[in-house]
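Me: I have a structure open and would like to learn how to read it. Could you walk me through some features?

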Amino acid sequence: MSPLVLAAAAPFAPVDQEYLFEARQMQALSFAVHIPLVCFGIAFPAFVLFMEALWLRTGDPVYRTVAKRWSKVMLALFAVGVVTGTILSFELGLLWPSFMASFGDVFGLGFTLEAFSFFVEAIFIAIYVYGWDRLSARAHFLAGIPVVIAGFTGSLMVISVNAWMNNPSGFTLEGGRVTDVRPLAALFGNDYLWHELVHMYLAAYIVAGFLTAGVYAWGWLRGRRGRYERVALVVPLTVAALVTPVQILVGDWAAREVAREQPAKLAAFEGLHEAEEGAPVHLLGWYDGEQVQYGIELPRLLSLLAFHDPDARVEGLADVPADERPPVNVVRVAFQTMVGIGFALAAVSLVYLFVFVRRRRLPRSPWFYRAVVAAGPLSVVALIAGWVTTEVGRQPWVVYGRMRTEEAITGAGSIPIGYASLVLVYAGLIAAVVWILRRLARAPVEIPAGPGGVAPVVAGPAQPEREQDGRQ
Amino acid sequence: MTLAEVPLALMLVGLIAYAVLGGADFGAAFWQLGARGGTRSEARREHAYRAMGPVWEANHVWLVFVLAICWTAYPEAFASIFSTLSVPLFVAALGIILRGTAYAVHAGTAREIERQAIDSVFSVSSILTPFALGTAIGGIASGRVPVGNAEGDLLTSWVNPTSFAIGTIAVATGAYLAAVYLAGDAARAGLDDLAAAFRTRALVAGAVTGAVALAGLLVVSLDAETLRDGLFGWPAILALVASAAAGLTTLELVRRGRFEPARYLASAAVAAIVVGWALAQRPELLPGLTVEEAAAERPTLIATIVGVALGAVVLVPSLALLFGLVLRGRFDREATEADAEARRGTVAPHRRPSGGLAVLALAIGLPLTLVAEGGPVQAVGVVALLAFVAFGSAALGFAAAAVAARDDDG
């Protein structure tokens with residue numbers, strides 16, 4: 001290593017920063033605003049394309065109407081997601097320059113590659129949305145497919161960076177300097193990548209699915225129960241209902257990986273102070289620094305969940321030095337919130353699937369529709385709680401076990417002003433998004449007549465042959 | 001060019017793309033500033049939004065592209081820039097939020113007062129953002145960003161003559177590019193009134209931008225000696241001359257109403273300025289930090305270059321498709337009856353997707369996921385579960401949609 005580089009290292013030594021907590025809050029706020037939009041970026045294009053595919057297969061114009069109206073929502077939410085995502089990349093440098101200076105060369109490639117997913121998504125969303133009535137039916141449908149693929153590859157790249165922060169590898173630390181950098185191994189040779197990716201990718205379908213279905217369930221309760229509303233309700237609901245139970249299995253896998261690689265985080269999930277064989281889970285309650293107070297004890301469950309063995313030894317918080325433990329109650333409450341909501345959503349899902357598979361109709365109880373309305377916002381709460389679990393659970397480290405968060409922060413003193421103005425601007429952004437969604441929803445639904453001159457009554461296999469003749 | 005300089009060259013490509021594409025998007029909003037109601041200003045507004053609509057998101061991604069290469073290939077330079085210049089960069093970030101949000105909601109505006117409110121936010125943020133980014137570039141170019149965590153002055157690093165000159169140039173070039181592009185788009189769509197309106201604006205903006213650029217050179221000469229010596233030295237001076245020549249030729253083309261070649265030449269004039277800056281500063285990235293010293297280790301540089309090359313294989317044809325559709329006017333024209341007929345879906349007698357595959361995938365995925373302790377068995381299990389979701393959604397989604405679309409009950 002040349003002396004020049006060593007000389008350049010000194011300026012990124014840890015600084016005194018009064019506003020570490022504000023900086024973390026600011027970062028967390030930016031994530032909390034961005035991540036629900038990401039869910040729509042990932043899952044909503046798939047819903048829109050599914051609708052268009054239904055139209056192409058059956059010729060029933062109701063599906064095309066749904067797809068076309070939804071694509072406007074998709075574009076508006078994508079536009080907002082573009083800017084909130086850009087802010088996150090700014091904040092990496094604005095808030096955590098020492099983190100970037102030390103490790104940018106290890107993980108930065110993930111974001112460089114993500115930019116290409118971002119490009120592809122932006123380009124094809126535009127072609128898709130502006131291509132309605134301008135491109136052939138086939139070309140238009142095909143233009144939507146890269147959007148769905150880019151939604152996946154984009155999550156892959158971003159999650160590869162987060163997985164690396166939680167389970168860092170692909171470099172050597174020598175006297176505080178990062179050397180022997182292997183970016184591909186760091187990002188893609190990481191066990192942590194896969195469960196985080198699948199967990200987040202499925203979460204996107206749950207959030208977008210229940211929020212969308214929730215809108216129409218709300219309408220159902222207020223008497224809007226036409227064909228358009230029913231179709232728009234069942235497709236996202238069906239997807240979310242299938243994904244949610246699977247998500248619980250994936251969550252179990254994720255928890256076992258955390259138990260293996262980040263024992264202190266797992267101990268914080270439960271508030272387990274001393275290592276224990278056959279460790280229990282406490283529902284609710286409060287960790288007082290020694291043990292969980294007022295919780296409902298479920299014996300041996302933690303060992304069973306973390307290692308699939310009721311007698312397995314689970315490490316406790318006391319196994320790591322006090323200054324390397326995450327804020328236990330935040331992590332614990334977030335974890336239990338996520339899991340609790342996850343099971344509640346799974347219950348709603350199973351009711352729906354059971355009724356539909358057995359009776360071939362939608363549930364009729366208003367309680368079911370009330371539950372679907374609640375499922376939308378609850379799924380967002382679970383999403384945020386999940387990210388709080390993993391990110392606050394990573395504390396006090398920004399790079400787990402290698403760099404503490406306070407070593408990463410900027411020396412600039414402008415954080416409180418920045419935080420305050422970001423809060424104001426994001427409040428405006430949320431208000432604007434709510435406003436535009438209501439405006440888009442208020443536009444009257446116009447379902448064009450089918451190709452035969454009348455709206456098709458039954459979207460069944462018998463119908464389309466006539467249309468095919470009409471087309472020839 | 002050495003290996004260490006290749007990512008910088010890629011960043012410059014991104015920066016040029018952002019300046020000529022993103023810059024024009026900012027500029028399009030500039031022309032809405034202070035516009036009042038009335039059919040002519042309404043027509044200009046609609047035209048600007050319509051021209052921007054399909055491309056602005058993609059144009060905006062260039063900024064993320066530049067930042068991502070910067071922090072990967074030159075992490076300490078990135079960290080130094082973002083900590084010292086945190087104020088203007090944060091202002092730019094806020095401008096980006098306001099602008100994107102205003103754009104996202106403009107389609108929903110119904111009343112005149114809403115429209116004016118949204119347009120004002122849009123225009124003001126579209127001026128603020130390039131100005132703030134320009135002041136940041138001025139801080140770097142005039143050597144006011146030392147290496148280190150917020151080592152430079154939080155205020156004077158961007159409140160200085162060079163920063164304000166470059167900020168002004170950024171706003172002016174955006175307005176100029178936008179006027180040229182919008183004139184071209186209007187002429188292509190046969191909207192002669194609009195083309196004439198934007199032709200006038202392009203001529204005025206071109207003259208103003210030229211004057212601002214000359215004044216900017218004077219300011220830089222007085223304020224930043226190193227930059228001056230670089231700009232007026234070999235080979236950066238070539239880029240300056242080329243930019244001036246391209247700018248003047250563009251004005252003549254616009255005057256003659258030849259907007260399509262003007263579009264490319266105007267972009268070239270702006271690109272030449274960016275190249276000139278890079279040549280003037282070479283080989284230093286920041287004071288006392290050369291590109292070679294700032295560069296990451298070889299494996300990172302190679303991975304970045306290869307990654308960008310692979311990404312370009314996807315990106316270039318995609319961008320060509322988008323801009324081809326836009327520039328050929330495919331998104332302009334209204335659909336005719338005959339088109340509507342041709343676009344109707346190919347309706348084949350269809351089978352519903354069966355749920356059999358989904359059940360099979362679940363039968364494989366469930367036990368494997370639960371039993372496996374990581375490794376390939378776990379992977380197979382998870383993939384099978386994902387297949388269950390995909391096949392199940394197809395089968396059940398199709399069936400549920402058919403039930404929901406029935407005319408009778410719900």
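**Reading domains and helices**

Reply: Happy to! The C-alpha centres of domain 1 and domain 2 of chain B lie 48 Å apart. Keep in mind that this is a predicted model.

Me: Which residues does each domain of chain B cover?

Reply: Domain 1 of chain B runs over residues 3-327, and domain 2 over 351-404.

Me: How many residues does helix H2 of chain B have, and how far does it reach?

Reply: You can compare a helix's span with the one expected at 1.5 Å a residue. H2(B), residues 39-52, has 14 residues and reaches 20 Å from its first C-alpha to its last, close to the expected 20 Å.

Me: Which residues of H2(B) are buried?

Reply: They are Arg44(B), Arg45(B), His47(B), Ala48(B), Ala51(B) and Met52(B). These residues sit on the same side of H2(B) because they cover an arc of only 165 degrees around the axis. Turned away from that buried side is a face with the exposed residues Thr39(B) and Glu46(B).

Me: What do the buried residues of H2(B) pack against?

Reply: Their partners are helices of chain B: H1 (6-30), H3 (56-73), H6 (112-141), H7 (161-188) and H8 (192-223).

Me: At what angle do H3(B) and H13(B) pack?

Reply: The angle is about 175 degrees, and the axes of H3(B) and H13(B), residues 298-327, are 12 Å apart. Angles over 145 degrees count as roughly antiparallel, so H3(B) is roughly antiparallel to H13(B).

Me: Which residues meet there?

Reply: From H3(B), Ala58(B), Ile69(B), Thr72(B) and Ala73(B) meet Thr300(B), Leu301(B), Thr304(B), Leu319(B) and Leu322(B) of H13(B).

Methods. Residues numbered from 1 in each chain as written. Chains lettered and ligands numbered in written order. Predicted model: local features only at pLDDT ≥ 70, side-chain atom pairs only at ≥ 80, totals over all residues. Helix = DSSP H or I, 4+ residues; strand = E, 2+ residues; numbered from the N terminus. Expected span 1.5 Å × (residues − 1). Buried ≥ 20, exposed ≤ 12 C-beta atoms within 10 Å, placed from the backbone. Arc of directions from axis to C-beta. Contact = placed C-beta atoms within 7 Å. Domains from an automatic or database assignment. Axes fitted to C-alpha atoms, helices over the stretch in contact; angles between N-to-C directions. Parallel < 35°, antiparallel > 145°, perpendicular 65-115°, else oblique.
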